[in-house]
4 protein chains.
Amino acid sequence: MSEGEGTPPSSDAIRMDVDALNAFMAEAFPNSAPGSRGRVISAEPGRIVARQEPAETMLRPGGLISGPTQMALADMAAYALVLAHIGPVAMAVTSALNYQFLRPCLPKPLNAEATLLRLGKRLAVMDVRLYTEEASRPVGQASVTYAIP
Amino acid sequence: MSEGEGTPPSSDAIRMDVDALNAFMAEAFPNSAPGSRGRVISAEPGRIVARQEPAETMLRPGGLISGPTQMALADMAAYALVLAHIGPVAMAVTSALNYQFLRPCLPKPLNAEATLLRLGKRLAVMDVRLYTEEASRPVGQASVTYAIP
Amino acid sequence: MSEGEGTPPSSDAIRMDVDALNAFMAEAFPNSAPGSRGRVISAEPGRIVARQEPAETMLRPGGLISGPTQMALADMAAYALVLAHIGPVAMAVTSALNYQFLRPCLPKPLNAEATLLRLGKRLAVMDVRLYTEEASRPVGQASVTYAIP
Amino acid sequence: MSEGEGTPPSSDAIRMDVDALNAFMAEAFPNSAPGSRGRVISAEPGRIVARQEPAETMLRPGGLISGPTQMALADMAAYALVLAHIGPVAMAVTSALNYQFLRPCLPKPLNAEATLLRLGKRLAVMDVRLYTEEASRPVGQASVTYAIP
């Protein structure tokens, strides 16, 4: 039942829930401004949703949420998804992030749904969709690869 | 001598110099925290260098410059490179940004060298290399596509 | 009922069915060896599935289906998905293709499921998943951008 | 002086020259049609050039060299660049290939210049530029990641 240290990570079970993930993030990034990082709002095997409330500093010309803000949320959601499955012990680092901008990103709460494409021993590859109100009309899509130590 | 409005943008000449680019950026992003955006330090036909001084808020676990900070600088350098060639009139938006993380990014001044791969009528594609001390040992590489209106 | 030329392309309706797409491909690539291109096996609004039977010439060391064969099928599925929605008149060209290799690709019939992320006036962006037997265990994922003339 | 098995791979020295690389490729892909794979034409530390002569089967509508043909050459050049540095013993596999199409690819001999961005213990990341006549006007750019066993 328990995920002992001897059990290899699997996409079938998570080792950290929403609260554990948010607590880990707050500790890992102590210097980030409050509200600047987004938070995990749901976590289940193979899938995580994170959310970012927009702030003035995140806007680009035209009053839209900037590209770097979108990419930061995509990266954070992917990081949380990896951690959820491998646990808080390991130091995972982004290996590649490919972002496609799809639609103007209005200054509304921004959601990132990250799903596992593959959790290997050395690399995890994830798909991330960002959207504001309708998941079927994403503002961006990311393919994110994390290296697992 | 002057780049009249009737002349199509070309990769052979720039329409904005370093000061014009930095002034444009400051106006376009009035709400960004001082120092959070990087600045253009050189501009010539087909090539721009931008630089970001590291700050506490940009660090990730391990004391390294975070991935989103790197991607933001890559995006900013690509944006400045497009603007330098098409001028301040147009509203260019990122269409895609692919980032490869290559080496740990120590908390030193971070440089981004952006070069034009193609300046088309509708799309500009750029290569961006990020490095701290040695250009020959990049910490990251980006391929950035901007849509030109 | 009919999609007149005056109606803009939409992700809600297709203008070419499976047979029309395969006939168009056969005419567009008259010099490709039989069986080397894959064929469309289903088409509906926003989604297409294409399939490639493996051949000896497509294998790489280890007896696996080669990376270029996978990428060619991903590109073909994305092309068919664009054509299905904009019709056979226009000349669409690939603008970017990002491919993530996820698992060894055994020499079995290879499927590519392409879905529309966005169909704009100038760019179409698609997600493509490649798999042999189980769609839930993809061998590869592509993000493909087509420029629409 | 000699590159013994005990010496870790380095970007400062190659272990296979042009002839060794082409011989290895011919043996690794015994079923590929003659001329369908391209060949290495120069190899030095950190850099390789491969070339593909165009054939009828490689053309797309408009008489241009097809996207898959370009991507296959980019992948082959990256593979040769990895092999040149790690030697013929290891089984390297593509982990990701991101391709930007930049200009129409006329049916002329197509060159791919691959350079090392980083050669790590587990991953090699390379930049590949494809061009026909002028290297300064590339038809495509690829960022290719290989996993090293």
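This report describes how the chains of a predicted model meet, and then looks at some of its side chains.

**Chain B against chain A**

Start with the pair formed by chain B and chain A. The contact draws 25 residues from chain B and 25 residues from chain A. The size of an interface is often given as the accessible area lost when the parts come together. Here chain B and chain A bury about 2100 Å² between them. Carbon and sulfur atoms carry 58% of that area. Three residues of chain B stand out: R60(B), P61(B) and F101(B). They supply 23% of the area that chain B buries against chain A, more than any other three residues.

What kinds of contact cross this interface? The rule finds zero salt bridges between chain B and chain A. Six residue pairs are in polar contact there, with both residues at pLDDT 80 or more. On the side of chain B that touches chain A, the elements giving two or more residues are β3 (59-60), α2 (67-86) and β5 (93-101) of chain B. Of these, β5(B) gives the most, with nine residues. By class, this side of chain B has 15 nonpolar, seven polar and three charged residues.

Chain B can be laid on chain A by a turn of 180 degrees and a shift of 0.0 Å along the axis, with an RMSD of 0.0 Å. In chain B, the C-alpha nearest that axis belongs to N98(B), at 2.0 Å. The same surface serves both copies, as 100% of the contact residues of chain B recur in chain A.

**Chain B against chain C**

Now turn to the pair of chain B and chain C. Six residues of chain B are in contact with six residues of chain C. Between them the two chains bury about 490 Å², with 41% of it on carbon and sulfur atoms. On the side of chain B, N98(B), R122(B) and L123(B) lose the most area to chain C. Together they account for 74% of what that side buries.

The side of chain B that touches chain C consists of three nonpolar, two polar and one charged residues.

Chain B can be laid on chain C by a turn of 180 degrees and a shift of 0.0 Å along the axis, with an RMSD of 0.0 Å. That is the relation of a two-fold axis. In this pair, 100% of the interface residues of chain B are also interface residues in chain C, so the copies meet through the same surface.

**Salt bridges**

Side chains of opposite charge can pair when their charged atoms come close. Over all chains, the count comes to 20 salt bridges. The table gives three of them.

| Salt bridge | N to O distance |
|---|---|
| D127(A) and R129(A) | 3.0 Å |
| E113(B) and R47(B) | 2.7 Å |
| R47(C) and E44(C) | 3.0 Å |

How exposed are these partners? D127(A) is buried, with a relative accessible area of 3%.

In chain B, both partners are partly exposed: E113(B) at 21% and R47(B) at 26%. Their salt bridge links distant parts of the chain. E113(B) sits in strand β6 (residues 110-119) and R47(B) in strand β2 (residues 47-52), 66 residues apart. In chain C, R47(C) is partly exposed at 25%, and E44(C) is partly exposed at 36%.

**A buried glutamine, Q52(B)**

Strand β2 of chain B also holds Q52(B). Is this residue buried or exposed? Q52(B) has a relative accessible area of 3%, so it counts as buried. Leaving aside residues up to four places away in sequence, Q52(B) touches several others, among them R37(B), M58(B), L73(B) and K108(B). G38(B) is also one of its contacts. There, the side chain of Q52(B) reaches the backbone nitrogen at 3.0 Å. Q52(B) and A112(B) are 60 residues apart in sequence, yet their C-alpha atoms are 8.4 Å apart in space.

Notes
Residues are numbered from 1 along each chain as its sequence is written. Chains are lettered from A and ligands numbered from 1 in the order in which they are written. This is a predicted model: local features need pLDDT of at least 70, side-chain atom pairs count only at pLDDT 80 or more; totals for chains, interfaces and linings use all residues. Side-chain values use heavy atoms; hydrogens and water are left out. Contact means heavy atoms within 4.5 Å. Buried area is the accessible area (1.4 Å probe) that two parts lose on being put together, summed over both. Ala, Val, Leu, Ile, Met, Phe, Trp, Tyr, Cys and Pro count as nonpolar, Asp, Glu, Lys and Arg as charged, and the others, Gly among them, as polar. Copies are superposed by least squares on the C-alpha atoms of residues with pLDDT of at least 70 in both. A salt bridge is a side-chain nitrogen of Lys or Arg within 4 Å of a carboxyl oxygen of Asp or Glu. Buried means under 20% relative accessible area, exposed over 50%, partly exposed in between (1.4 Å probe, protein chains only). Helices (H or I, at least four residues) and strands (E, at least two) are DSSP runs, numbered from the N terminus. A polar contact is a pair of N or O atoms within 3.5 Å; within protein, one must be able to donate a hydrogen and the other to accept it, and residues adjacent in sequence count only if both atoms are side-chain atoms.
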